[in-house]
Amino acid sequence: MKKTLGILLAAMMVFAVAGCDNDDGPAEETGAKIDNAADNAGDTTSDAADSVGDAASDAADSTGQAMEDAGDSISDSAEEHSN
């Protein structure tokens, strides 16, 4: 009896492993494509946000430098006229 039960369990395990096929069906393939597209869109959005942030930072730096230069010019002009 134990031998028969062991053989039966072994056969069930073989069929269970054979049932775990690695071939994806059309729904799984479509899901994988959607996942990849979402990942790519997220990467693109992140890259665009980084570019905008960099451009804004550069613009702020340029504006700050222009303001500093203008302040220096005003100070220099005020010193020239006060002497």
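In which helix is the place of D43? D43 lies in helix α2, residues 26-82. This is a predicted model, in which local features need pLDDT of at least 70, side-chain atom pairs count only at pLDDT 80 or more, and totals for chains, interfaces and linings use all residues. Residues are numbered from 1 along each chain as its sequence is written, and side-chain values use heavy atoms, without hydrogens and water.

The protein chain has two helices and zero strands, taken as DSSP runs (H or I, at least four residues; E, at least two) numbered from the N terminus. Of its 83 residues, 0% are buried. Buried means under 20% relative accessible area, exposed over 50%, and partly exposed in between, with a 1.4 Å probe and protein chains only. D43 counts as partly exposed because its relative accessibility is 47%.

The accessible surface of the protein chain is about 7,200 Å², with 60% belonging to carbon and sulfur atoms; the method is Shrake-Rupley with a 1.4 Å probe. Finally, L5 is located in helix α1, residues 2-19.
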